[in-house]
Amino acid sequence: MPATPSDPPSAESSASRRAIPGFCGLCKSRCGSRMVVEDGRLVAQLPDPTHPTGRAQCVKGRAAPELVYDPQRVLHPLLRTRPKGDADPGWREISWDEAFDRIARTLGRIRDESGAEAVAFAIATPSGTPIADDVRWIERLANAFGSPNVANGTEICNWHKDFTHQHTFGRGIATPDFAHSRCIVLWGHNPRDTWLNNALSIAAARKRGARVVVIDPRKAGFAADADLWLRVRPGSDGALALGAARMMLARGWFDAAFLRDFSNGPLLVRSDTGRFLRADELALPPAGAGADDFVSLSANGTAIACRRGTRTAGGAGPDPLLAAGIELELAEGRRVRCDTAHALFEQACAPYTPERVAELCWIEAGQVEQFARLLHEASPAVSYYCWAGVCQHTNATQTDRAIATLMALTGSFDAPGGNVAFTPPPANDASGKALLGAAQRARCIGLARSRLGPARLGLVGSDALWDAILEREPYAIRALVGFGRDFLLNHADAERAAKALAALEFCVYADLTLTPTAALADLVLPICTPWEREALRVGFEGSQAAESWVQLRPAAIAPLGESRPDAWVVFELAQRLGLGEHFWDGDLEAGLAHILAPLGLSLDELRAHPGGLAHPAATRYRKYLDEGFDTPTGRIELYAETLLAHGAAPLPDFVEPADSPLTAADAAFPLVMTTAKLRHFRHGQDRQAPSLRRHTPEPAVHLHPDAARARGIAEGDAVRLRSAHGSIRLRARFDDTLDARVVWVEYGWWQPAGPGTADGYDALSEDGANYSRLVSDHRVDPVSGSQPLRSGLCEIEPVLGR
């Protein structure tokens, strides 16, 4: 049952007080810290200014002692003794040996009967939980076991910026080079609430004169004092990107030479097939052309052969035209119209006039030109970051494509002040990708939905997982091994999630507390907090100095109760499953040494320097000059033939969200609803910490006062929020910076606070406050599977007499 440790001591100084260098593991910022211990107990976490990410500590990091000594923590392995439908699970404490025996016996039996693919794994986000310390080992366990079905939430978190971006640039979004940026675009990303180290870097850049553009339905974070805040309608971001690109193209505010030399813009596309024209398809191929060479046009209309990644067949010759079209004779004797990819990109942007963008995005038409001008004036030192605000929509893939191609126009790719892949320290990957063969990876349940989305890496969305459990499609998932992923709070359709989890033959969860998802497991394993375990970090994020930092964070205190690190659980379980040979025969230190081997660093050296060591490296800008682009054409892809081959639009396109106020026939839900993280909490975590809960004691829906008056709602009233999918209860909070047609709803509410404070909230009740109940997973992004968590439709009404 949940632990009931005593409160931590105060942070007053004493003779036994000491500060231990470390880094906070709570989120992606991973701020360098000093863990303050007194009499064997953690009493504070403070910033470490000597660390590349240690300039400050956010409120969540400062609440570390409250999280460690949380009375709600699980401190012993728990076994369910009553059916999952019972209000009382009948949790019984068991030993780790009994827990591992039960897990290994059951998983082994299911693997023997139905194959390893019948067991799925779930992993919490490394961007907003301490799982980042050990995620590599969990991935290795899934690969070694043979499961091609891992639910890590990438489709609603990082897939678009890190993987869809590859369809344009051949790499992910990389890191904004804030130190040299002249314009910083924050698109659906609020670092003041989610990435403190980056927020500080942006503030410093502003002092040096950098402009800041914020694109967000809410006036949050840097939006309050940005040079330009674009209050877009949730889910309309793609239209804005295409409109800004149209403006830049029409005004000549783009780097034409960069696009000519390094994009596939000059390459001719056949109108009949939509594919790039190859030289051997022509009746008269250009002189010296190879069979697979692409074709572009010179200024006098002569066809030019272009090999992959080069301007012309010889890398020299006449400049190809960017925007051109011609009719050419094919080897088979007929003629076909061909246009350059750049010309087709211009055509794709053409409908998005400022007036049309204003209509779609609910912004002022003049702001489109303001945005385009700021990008132009700062080029080629424009950096940007997009995150959940862009990806959690049913049109996320095309939105990412629109943003990426817009940024390509600035010529800032991998340039000083642009988005740069800083030089990382050399290290071995321990995730064990090679342990899962291609044939087994092809068994992933999500591949039938999209071969370009996360399933190609063996990653599955929750909608596909529930179908496999409940409908046995494409085959049955019988067991789930979860490490912290709280499906009921962070994914669409909590009711279907609960039904699926209850239907599993076996479910084991490793977590700190009995989250609504963990509470549906058959077995719960107690995990310790970051301050109770070692953690190896090779490279941080945010700058070259941070990327060059290597640190083995020590455990500040001993684990409470029988809680253990995720890594320990994985290595022990691997031994029981007969996978010890893939885990250094259970020797975690040998695994860590394997990661460090290319660096020439030992664990003893890092332990002697607990604050970390620099592995100096120079930043290499414009690496594409030597390495090219890892794309099919070897160039930045304005036109993505890969997308075409898989039934998706090859040019960036704007598609209305699945639930649109512009097309909805049902007038019962006139408001657009979105959601966002709260500064004081991480997803569905931390609401049990008194110092954090006092800032936001109750869950709320934020709406414009005009929208409230029209519905007879006063500030602070209890209200019911209804969608076509469900309803919940919240408190009304006014925000006159919102569009009156938009509301934003807090998500992640379930935890009870400490004694004498507000109660918890039933994640499955209409009298609870679980935003997931309002969102359906029946319609998702067709490529990535992203769910419409940030662009739905709803109505609000007062709860009379309450």
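**Strand β23**

Trp549, Gln551 and Arg553 point one way from β23, Val550 and Leu552 point the other way, and all are buried. Buried means under 20% relative accessible area, with exposed over 50% and partly exposed in between, using a 1.4 Å probe and protein chains only. In a regular strand the side chains alternate between the two faces of the sheet.

This is a predicted model, in which local features need pLDDT of at least 70 and side-chain atom pairs count only at pLDDT 80 or more, while totals for chains, interfaces and linings use all residues. Residues are numbered from 1 along each chain as its sequence is written, and side-chain values use heavy atoms, leaving out hydrogens and water.

Strand β23 covers residues 549-553, and because five of its five residues are buried, β23 is largely enclosed by the rest of the structure. Helices (H or I, at least four residues) and strands (E, at least two) are DSSP runs, numbered from the N terminus.

β23 pairs with strand β22 (residues 535-538), to which four bridges join it in an antiparallel arrangement. Two strands pair if DSSP finds at least two bridges between them. Leu536 has Leu552 in β23 as its bridge partner. β23 also pairs with strand β24 (residues 613-614), again in the antiparallel sense, over two bridges. Here Val550 stands opposite Leu613 in β24.

Now the chain as a whole. The protein chain has 27 helices and 30 strands. Of its 802 residues, 62% are buried. A compact globule of 802 residues would have a radius of gyration near 28 Å, and the protein chain agrees with this because its value is 27 Å. The radius is taken over C-alpha atoms, and the globule rule is 2.2 Å times the number of residues to the power 0.38. Along the principal axes, the C-alpha atoms fill a box of roughly 80 × 65 × 55 Å.

Contacts (heavy atoms within 4.5 Å) can also be sorted by sequence separation. Among those between residues at least 6 apart in sequence, 73% join residues at least 24 apart.

Leu721 lies in strand β27 (residues 718-722), and Leu721 counts as buried because its relative accessibility is 0%. Leaving aside residues up to four places away in sequence, Leu721 touches several residues, including Val701, Ile728, Val745, Leu774 and Ile796. The C-alpha atoms of Leu721 and Pro148 are separated by 38 Å, and these residues lie 573 residues apart along the chain.
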